[in-house]
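Please consult the display below alongside the text.

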Amino acid sequence: MHELLRRGDKYVDAEEAYLITKDMKDRKEPESNKRKTRDESEPLDNKGKQKINHLRQITDEEAQQLVNGLSWSFYDSSCPQLKSIVRNRLQNVFQDDIGQAAGLLRLHFHDCFVQGCDGSVLLDGSASGPGEQAAPPNLSLRAQAFRIINDLRRRVHERCGRVVSCADITAIAARDAVFLSGGPDFDVPLGRKDGLNFATINETLANLPPPTSNTSALLTALAAKNFDATDVVALSGGHTIGLGHCPSFTNRLYPTQDPTMDKTFANNLKAVCPVANSTNTTVLDIRSPNTFDNKYYVDLLNRQGLFTSDQDLYTDGRTRSIVTSFAINQTLFYEKFVIAMIKMSQLSVLTGTQGEIRANCSVRNSDNLSLSSIVEEEKGSWSAF
Ligand code: HEM
């Protein structure tokens with residue numbers, strides 16, 4: 001049993017008190033937390049360097065587990081500028097609106113969980129029916145995220161020709177979203193092809209757990225995709241950035257308040273969402289909503305997680321100690337998050353002769369009426385180099 005201490009208007013155990021105090025100190029830490037995005041040209045301090053090197057080592061170990069057809073160096077000769085085109089562009093995008101980082105990270109997750117990381121979520125509906133985008137969990141994906149991916153695709157294809165898939169661009173953009181909002185840097189395996197079909201609305205619903213899920217439901221749903229409890233807790237840490245709409249969490253406020261929710265937090269949420277189906281939004285991580293750090297886990301320790309699926313990770317005995325370990329140790333969270341992301345980014349990928357490389361991420365090539373002119377355009381700009 002932890003010693004109970006009084007903090008303000010509530011009791012917390014000694015460990016939580018330490019974390020809350022530490023959090024307040026962290027908040028005083030001036031520039032590193034205030035900076036919206038990280039400047040790549042900026043020299044990293046020793047601590048930063050060690051962190052990145054450490055993560056690179058883990059990534060190398062993970063290399064042995066790459067699925068067939070993916071590699072760390074896939075575009076090194078066909079599009080050596082790929083990573084810098086994406087990173088430089090996103091740095092500008094996030095300088096204007098850091099919220100777009102969250103949109104891109106979630107887009108990759110929704111791509112990978114439904115039919116694998118094949119860019120199928122990017123496809124508009126077609127004559128064969130509504131696309132994945134029409135499924136309820138995808139209605140709150142940011143419209144701008146789709147535009148950013150297509151803009152990156154255009155920039156990359158202009159330089160290199162139509163050699164890089166939309167699924168790979170989405171994976172790189174998600175990686176950069178994490179890094180440029182203050183999180184770890186890591187390599188992503190590349191070589192995905194774009195899918196020819198999208199999933200049905202029912203398949204989409206079946207593969208994306210709702211925010212009302214408890215930990216048992218999450219562990220079962222993610223075990224089916226080969227994720228263990230540590231992966232589940234680490235991936236949920238994606239909620240350290242971004243926003244949620246009222247209907248995603250008002251099940252915890254109305255008609256009765258979830259007893260596991262901090263009372264002041266609940267009252268604040270009720271002010272944001274006066275009715276259950278309000279269209280308002282609030283931040284997922286109240287401590288540092290735009291920074292990719294471990295504060296999401298500190299929120300959970302303080303019963304300030306937004307969704308049932310978040311807070312129950314701290315209530316459930318199978319995941320509680322993992323939550324605590326990430327709340328105490330950000331480096332550990334980063335390590336486990338990178339491992340889980342690399343795993344997620346390889347779910348049911350299409351490689352080699354499977355699939356295609358779309359000329360427009362929203363439309364499969366066979367439906368792309370202007371494909372021949374796009375290809376001509378690409379050839380023209382390619383030969384200019
Ligand atoms: C494990 C089960 C998960 C559930 C139940 C879940 C659920 C949700 C829900 C309901 C929202 C808010 C939607 C809205 O109301 O607008 C959301 C937002 C978000 N999720 Fe998840 N999520 C899960 C996993 C993940 C994973 C694995 C990642 C990435 C690694 C992720 C990253 C995000 C981000 C960044 C946002 C904010 C998006 C934005 O601001 O546009 N989530 N999630």
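The structure is a predicted model, in which local features need pLDDT of at least 70, side-chain atom pairs count only at pLDDT 80 or more, and totals for chains, interfaces and linings use all residues. Residues are numbered from 1 along each chain as its sequence is written. The chain contains 16 helices and four strands; helices (H or I, at least four residues) and strands (E, at least two) are DSSP runs, numbered from the N terminus.

**Overall fold**

- Of the 385 residues in the chain, 43% are buried. A residue is buried if 20 or more other C-beta atoms, placed from the backbone, lie within 10 Å of its own, exposed if 12 or fewer, and partly exposed in between.
- Among contacts with a separation of 6 or more, 76% link residues 24 or more positions apart. Two residues are in contact if their C-beta atoms, placed from the backbone, lie within 7 Å.

**Annotated residue**

- Pro-209 sits in the loop between helix H8 (201-207) and helix H9 (215-223).
- Because 18 other C-beta atoms lie within 10 Å, Pro-209 is partly exposed.
- Apart from neighbours within four places in sequence, Pro-209 contacts Ala-217, Leu-218, Ala-221 and Ser-309.

**Packing of H10 and H14**

- Helix H10 (residues 229-236) packs against helix H14 (residues 320-328) at an angle of about 50°, with the axes 10 Å apart. H10 is therefore oblique to H14, the term for angles that are not under 35 degrees (roughly parallel), over 145 (roughly antiparallel) or 65 to 115 (roughly perpendicular).
- At this contact, Ala-229, Thr-230 and Val-233 of H10 meet Ile-322, Val-323 and Phe-326 of H14. These residues comprise five nonpolar, one polar and no charged; Ala, Val, Leu, Ile, Met, Phe, Trp, Tyr, Cys and Pro count as nonpolar, Asp, Glu, Lys and Arg as charged, and the others, Gly among them, as polar.

**Backbone features**

- Tyr-254 and Pro-255 are joined by a cis peptide bond, with omega about -5°. Pro-255 belongs to the loop between strand E3 (243-245) and helix H11 (263-272).
- Gln-115, a residue other than glycine, has a positive phi near 70°. Gln-115 is located between helix H5 (99-113) and helix H6 (143-160), in a loop, and counts as buried because 22 C-beta neighbours lie inside 10 Å.
- Arg-303 has a positive phi near 60°. The loop between helix H12 (295-301) and helix H13 (308-315) holds Arg-303, which is buried, with 20 other C-beta atoms within 10 Å.

Conventions:
Axes fitted to C-alpha atoms, helices over the stretch in contact; angles between N-to-C directions.
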